[in-house]
Amino acid sequence: MRSLICAALAAASALAVAAPVSTASAKEYKYCLQGKRWGYPGNCQFSTYQQCMVTASGTVDYCDINPRYAARERERYR
């Protein structure tokens, strides 16, 4: 019985720790790294254009606005 309670507490702790991580990854950043390796919309984890360009430096990738971010901004101004 004690091991069952410990297992339940361990599972609850793991879920509590994992929840903030999943909500953080749901944030829509403004810029995406795009190219053959990344596809569309690409690697969208950049807050600034400069961050994206530094990551793209030396590759054939390029940076563009995140289409999901742009759509959200259009909705906001309607």
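This is a short tour of one protein chain, stop by stop, with something to select at each one.

**Before you click**

You're looking at a predicted model, where local features need pLDDT of at least 70, side-chain atom pairs count only at pLDDT 80 or more, and totals for chains, interfaces and linings use all residues. Residues are numbered from 1 along each chain as its sequence is written, and side-chain values use heavy atoms, with hydrogens and water left out.

**Stop 1: the whole chain**

Start with a cartoon view. Helices here (H or I, at least four residues) and strands (E, at least two) are DSSP runs, numbered from the N terminus.

The chain exposes about 6,000 Å², and carbon and sulfur atoms supply 62% of that. These areas come from the Shrake-Rupley method with a 1.4 Å probe, and for residues only the protein chains shown count as cover. Of the 78 residues, 22% are buried. Buried means under 20% relative accessible area, exposed means over 50%, and partly exposed is in between (1.4 Å probe, protein chains only).

A contact means heavy atoms within 4.5 Å.

**Stop 2: Tyr 31 and Tyr 49**

Select these two and show their side chains. They make up the one aromatic pair in the structure. The ring centres sit 5.6 Å apart with the planes at 65°, so the pair is edge-to-face. For the cut-offs: rings of Phe, Tyr and Trp (its six-membered ring) pair if their centres lie within 6.5 Å, and planes under 30 degrees apart count as stacked, over 60 as edge-to-face and the rest as tilted.

Tyr 31 belongs to strand S1 (residues 31-35) and Tyr 49 to helix H2 (residues 49-56), so the pair ties together parts that are 18 residues apart in sequence. Tyr 31 is buried at 17% relative accessibility, whereas Tyr 49 is partly exposed at 37%.

**Stop 3: Asn 43**

Next, pick Asn 43 in strand S2 (residues 39-46). Is Asn 43 buried or exposed? Asn 43 is buried, with a relative accessible area of 14%. Leaving aside neighbours within four places in sequence, Asn 43 touches Tyr 31, Cys 32, Leu 33 and Trp 38.

**Stop 4: the disulfides**

Color the cysteines. There are two disulfides to find, a disulfide being a pair of cysteine sulfur atoms within 2.5 Å.

Then go to Cys 52 and Cys 63, joined with an S to S distance of 2.1 Å. This link, between Cys 52 and Cys 63, is left-handed, at -100° about the S-S bond. Cys 52 is in helix H2 and Cys 63 in strand S3 (residues 62-65), eleven residues apart. Cys 52 is buried at 0% relative accessibility, and Cys 63 is buried at 10%.

Counting bonded cysteines along the chain, the pattern is 1-2, 3-4.

**Stop 5: Asp 61**

Select Asp 61, in the loop between H2 and S3. Asp 61 is buried, at 9% relative accessibility. Which side chain does Asp 61 join through a polar contact of 3.1 Å? That partner is Trp 38. A polar contact is a pair of N or O atoms within 3.5 Å; within protein, one must be able to donate a hydrogen and the other to accept it, and residues adjacent in sequence count only if both atoms are side-chain atoms.

Leaving aside neighbours within four places in sequence, the contacts of Asp 61 include Leu 33, Gly 35, Arg 37 and Ala 56.

**Stop 6: helix H3**

Finish at H3 (residues 67-76), where Tyr 69, Ala 70 and Glu 73 are buried. They cover an arc of only 100° around the axis, which puts them on the same side of H3; the arc is that of the directions from the helix axis to the C-beta atoms. An α-helix has 3.6 residues a turn, so residues three or four places apart point the same way.

The buried residues of H3 pack against S3. On the face turned away from that buried side, look for the exposed residues Arg 74 and Glu 75.

Last, zoom in on the start of H3: a side-chain oxygen of Asn 66 comes within 3.0 Å of the backbone nitrogen of Arg 68.
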